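Please read them beside the sequence and the model.

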Amino acid sequence: MSNLAQPLTQPRPYLMNAWYVAALSTEVDAQALFHRTLLDTPVLIYRKKGSGEPVAMLDRCPHRFLPLHMGDRDGDKVTCKYHGLQFDCDGACTHNPHGNQHIPAASTVPSFTLRERNGLIWIWMGDEAADESKLHDFGPLTEGPETGVGYTNIYVKCNYKLILDNVMDLSHIDHVHGEIITTRGKLSPLVPQVRAVGDAFAARWEWSQTPAMMIFAGFLPDPKAEARHFFDITYLMPGNIQLSVGATQDAGAPLDLEGTTGQYDLHTVTPETLTTTHYFFVTRRNHNVDDADFNKMKIEAMRNAFVDEDVPLAEAIQERMGVSADDFFAMKPVLMSNDVAAVRMRRTLETAIAQEQARTAASEKAAA
Amino acid sequence: MSNLAQPLTQPRPYLMNAWYVAALSTEVDAQALFHRTLLDTPVLIYRKKGSGEPVAMLDRCPHRFLPLHMGDRDGDKVTCKYHGLQFDCDGACTHNPHGNQHIPAASTVPSFTLRERNGLIWIWMGDEAADESKLHDFGPLTEGPETGVGYTNIYVKCNYKLILDNVMDLSHIDHVHGEIITTRGKLSPLVPQVRAVGDAFAARWEWSQTPAMMIFAGFLPDPKAEARHFFDITYLMPGNIQLSVGATQDAGAPLDLEGTTGQYDLHTVTPETLTTTHYFFVTRRNHNVDDADFNKMKIEAMRNAFVDEDVPLAEAIQERMGVSADDFFAMKPVLMSNDVAAVRMRRTLETAIAQEQARTAASEKAAA
Amino acid sequence: MSNLAQPLTQPRPYLMNAWYVAALSTEVDAQALFHRTLLDTPVLIYRKKGSGEPVAMLDRCPHRFLPLHMGDRDGDKVTCKYHGLQFDCDGACTHNPHGNQHIPAASTVPSFTLRERNGLIWIWMGDEAADESKLHDFGPLTEGPETGVGYTNIYVKCNYKLILDNVMDLSHIDHVHGEIITTRGKLSPLVPQVRAVGDAFAARWEWSQTPAMMIFAGFLPDPKAEARHFFDITYLMPGNIQLSVGATQDAGAPLDLEGTTGQYDLHTVTPETLTTTHYFFVTRRNHNVDDADFNKMKIEAMRNAFVDEDVPLAEAIQERMGVSADDFFAMKPVLMSNDVAAVRMRRTLETAIAQEQARTAASEKAAA
């Protein structure tokens with residue numbers, strides 16, 4: 001768990017001035033003092049009465065350092081269990097029951113900006129002001145009925161970049177996963193097409209297979225016939241991969257989510273520490289969208305595929321790499337054509353982290 | 001567990017030339033080779049035949065480093081399980097079964113001075129000669145029938161100072177504990193009165209509440225009426241807090257254990273390591289002293305209150321503070337009027353440790 | 001577990017250019033991708049089809065660092081589970097299913113030389129060429145019926161030298177072990193006779209006891225009468241101790257395995273890490289050699305004696321010594337006449353390690 005004896009502003013190994021998913025919206029109910037460690041930092045999250053707006057602050061009283069989540073809610077305020085200091089949603093101390101009830105100037109809990117979007121609670125933990133323009137919009141996730149979308153999350157004992165590596169290189173599918181999403185060996189021979197998308201980038205695979213991917217075949221005109229497929233993934237810093245996948249037997253249809261039977265997914269990771277990760281996954285499909293039982297079965301099946309097939313690999317790799325899992329290139333990996341997107345992801349993110357750290361160092365020097 | 005590869009005389013983070021509780025008297029029976037790690041040092045304790053006097057030495061054979069408690073007693077001597085070296089109560093090697101049975105000059109186990117007092121076995125682990133004048137006397141614990149006193153101990157996964165902090169600031173009671181010792185909010189508004197007591201210091205709270213503390217109310221003339229109360233705690237280095245508490249409905253009675261229905265307690269802590277602690281507690285009451293069932297119930301209830309209510313907080317704070325739990329001020333805590341006694345405790349102890357370390361460094365320099 | 005982020009050639013705390021036991025022959029069946037961490041290095045072992053010859057390589061794909069044992073066998077090749085890279089028995093990459101299927105020059109898994117001898121699979125993990133002349137021959141283990149030999153292994157949480165210390169100083173027997181191998185106190189008074197054996201050395205004890213060691217008494221003419229005994233151990237770097245023991249009531253018989261009822265044993269250790277050890281044991285007896293039930297009982301009894309009596313001591317010592325278990329003399333142990341062979345073992349091994357490290361450093365300097 002995190003130790004914040006250090007000042008919160010010391011150089012951190014993560015991209016700090018960015019939005020990460022702190023929780024699924026459904027994880028934080030109206031009453032609870034939810035808590036989770038994010039970027040080595042214990043965070044308290046709860047929802048305001050009435051509006052339900054989520055708020056976040058350091059999960060640690062500035063007096064005797066008890067986790068605030070062990071305390072009680074008093075309306076929109078939270079009271080520390082140890083000596084009864086009370087804090088409002090912004091982390092300001094609003095009551096000290098001791099002596100003359102003077103509230104010390106420094107008795108403020110660092111708070112964090114949250115935004116709730118697309119069924120996810122996003123957090124900004126950097127020292128710079130929260131930048132709304134950096135908050136990505138995965139609007140398609142919330143366009144459509146609730147029976148057409150599934151949310152899940154998984155705690156994984158590996159560096160977050162190993163999860164991103166996994167999704168950035170979809171050529172692993174035929175080797176790792178079972179019958180339901182096999183491409184019948186069609187994916188491995190492909191070299192993904194990488195293209196810039198604004199200041200982000202995307203990778204794309206297109207192929208035909210017979211029959212179609214099993215998750216789509218039953219929704220196509222001829223489940224046993226050949227179908228054209230595509231994968232399209234966009235990497236958005238720091239931890240997001242938007243993945244679209246679909247299949248069609250209509251020769252004239254475009255290979256996108258308009259033209260195919262497919263789904264729009266978000267894989268997003270938030271480091272707990274350098275060696276443990278909160279992995280969130282959301283999937284919205286464009287077919288059979290009103291079938292609640294199917295919906296439930298589908299998200300469970302996808303979660304099981306991750307837990308049973310991807311996670312054991314990621315955790316075994318973590319064990320082999322140790323702290324170097326965050327510094328992949330230092331281990332001099334053998335790279336191949338299928339690594340192009342994953343390598344670009346690491347380079348992009350690591351460049352951004354280095355730039356941020358240089359910026360922080362410069363501003364600290366200027367301040368000194 | 002401890003690793004004594006280092007010389008025993010290296011600078012240690014504890015006040016070394018002082019008395020700590022090694023065990024409750026009842027923990028060390030007539031036969032056993034009792035062992036416990038104290039101040040990062042594994043210690044063997046057993047009682048001499050006949051006199052029952054307890055003796056202590058390093059729990060590690062100087063030959064092949066096996067814990068001596070794995071061996072056997074032979075009268076007042078202990079025989080190492082591995083190769084049969086035998087040591088007397090002072091740690092001197094008295095038999096080597098090998099070869100010509102020559103006993104090497106260096107084959108001595110470091111021993112520690114013990115004193116048994118007030119139902120507790122006290123240990124001196126410093127390099128300076130054991131100073132009897134520093135052994136505190138908590139005589140009232142052993143004045144009265146056995147049915148009026150209770151002993152217990154708890155292993156806590158936190159730095160020992162966090163336990164001392166807890167007891168030095170009794171304003172936590174209404175926030176942490178339940179109905180049986182609530183002060184009905186009367187304690188928090190008070191600023192404890194701190195006074196010197198010899199070279200130690202004490203803190204005191206006085207208040208009235210209605211009804212009286214539940215632990216005393218039933219023994220007062222009118223259980224539902226108002227009563228005057230006091231807490232008085234004395235901090236005695238390194239790890240002792242003597243706490244007296246009582247209630248009275250006699251307007252003329254002094255607020256002390258003569259004038260009230262109350263109890264005389266000792267909270268005392270011994271570090272196992274910097275992050276784990278042996279917490280010992282003794283309580284002697286001045287009422288209903290011949291009731292064995294009540295006595296048993298009372299010590300169990302007090303132990304449960306510590307285990308269920310204080311310990312989870314202390315261990316959660318330890319997790320948040322990490323190694324800084326020993327160096328509280330480095331974390332720049334917000335301090336309030338209720339911290340006065342706890343802060344003075346830390347300052348007093350840390351000053352004494354720094355002075356001791358300077359003294360040790362000077363004498364080593366002089367010796368070199 | 002091991003972290004090989006470091007180059008494999010960095011200075012290691014072990015004697016690297018030497019043969020260690022990687023596994024019992026029976027542990028690696030015809031099909032399995034067996035794996036074990038040896039000298040901090042994860043190793044994959046499997047047997048070739050047809051010949052059954054065992055092969056070994058680093059258990060880590062050079063691409064994304066997945067343990068190769070999680071993959072699949074394809075004849076004599078192994079395919080990585082993550083992205084399907086295929087490697088032959090020498091660790092050469094033979095297939096890349098991605099893109100144009102180009103095999104990167106660097107995509108080789110470091111392999112290790114194995115030799116199977118005496119029912120054991122031996123591994124050479126050093127950077128120098130495997131030196132067959134250093135592979136010891138414990139031929140007597142495999143001379144005789146299968147019902148006269150037993151193999152076992154134990155995972156012990158201690159430094160490997162602590163196991164060697166244990167066997168090098170047999171004076172521990174009467175103190176640690178029970179009735180079946182007691183020498184009735186006859187061993188401790190002896191000083192072992194140490195002699196050079198080629199560039200290795202041996203130690204020897206001779207004594208008489210009444211009755212004979214229980215493991216032999218029933219096979220002697222008069223089970224209750226006195227018998228002459230011997231122990232003879234030869235230390236062979238890095239981790240081998242060949243131990244012979246026997247008893248005879250024939251006054252003219254030589255004290256060796258020709259002249260006595262006895263057994264020829266091999267104790268051999270391979271470090272997993274500096275604090276964990278794979279301990280292998282083989283015993284061949286020269287009596288009752290066709291009794292399969294007795295054979296099974298005997299190896300189980302010996303294994304139980306190690307697990308119940310030696311291992312708890314070794315692990316407790318490890319806890320007391322910490323990392324210094326590898327550097328025993330730094331703890332300034334008290335040494336006695338019974339330590340002569342164990343001390344010589346440590347000095348011999350540590351000198352060889354220091355020489356090897358100097359040789360490595362010199363060759364690296366020359367290369368630079």
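In what order do the seven strands of the open sheet in chain C stand?

1. The order is E11-E17-E16-E15-E14-E13-E12 in chain C, and the pairing is antiparallel. Strands (E, at least two residues) and helices (H or I, at least four) are DSSP runs numbered from the N terminus. Two strands pair if DSSP finds at least two bridges between them. Strand E11 (149-156) and strand E12 (193-197) of chain C are at the edges with a single partner strand each, so one side of each has no neighbour in the sheet. From one strand to the next, the twist averages 20°.

2. On the source: this is a predicted model, in which local features need pLDDT of at least 70 and side-chain atom pairs count only at pLDDT 80 or more, while totals for chains, interfaces and linings use all residues. Residues are numbered from 1 along each chain as its sequence is written, and chains are lettered from A and ligands numbered from 1 in the order in which they are written.

3. Within the sheet, strand E14 (residues 227-236) of chain C runs antiparallel to strand E15 (residues 240-248) of chain C, and nine bridges join them. C:Thr234 has C:Gln242 in E15(C) as its bridge partner.

4. Helix H4 (residues 292-321) of chain C packs on the sheet, where H4(C) touches E11 and strand E17 (276-285) of chain C. The direction of H4(C) makes about 25° with that of E11(C). Angles run from 0 to 180 degrees between N-to-C directions, and axes are lines fitted to C-alpha atoms, for helices over the stretch in contact. Residues are in contact if their C-beta atoms, placed from the backbone, lie within 7 Å. Helix H5 (residues 340-367) of chain C lies across E12, strand E13 (200-209) and E14 of chain C, at about 35° to E12(C).

5. Helix H1 (residues 160-168) of chain C packs with H4(C) at an angle of about 130°, and the axes are 10 Å apart. C:Leu162, C:Ile163 and C:Asn166 in H1(C) meet C:Asp310, C:Ala314, C:Ile317 and C:Gln318 in H4(C).

6. In chain B, helix H1 (residues 160-168) is mostly covered, with nine of its nine residues buried (20 or more other C-beta atoms within 10 Å of the residue's own, C-beta atoms being placed from the backbone). Among them are B:Tyr160, B:Lys161 and B:Asp165.

7. Between chains, 25 residues of chain A are in contact with 22 residues of chain B.

How values were computed
Contact = placed C-beta atoms within 7 Å. Buried ≥ 20, exposed ≤ 12 C-beta atoms within 10 Å, placed from the backbone.
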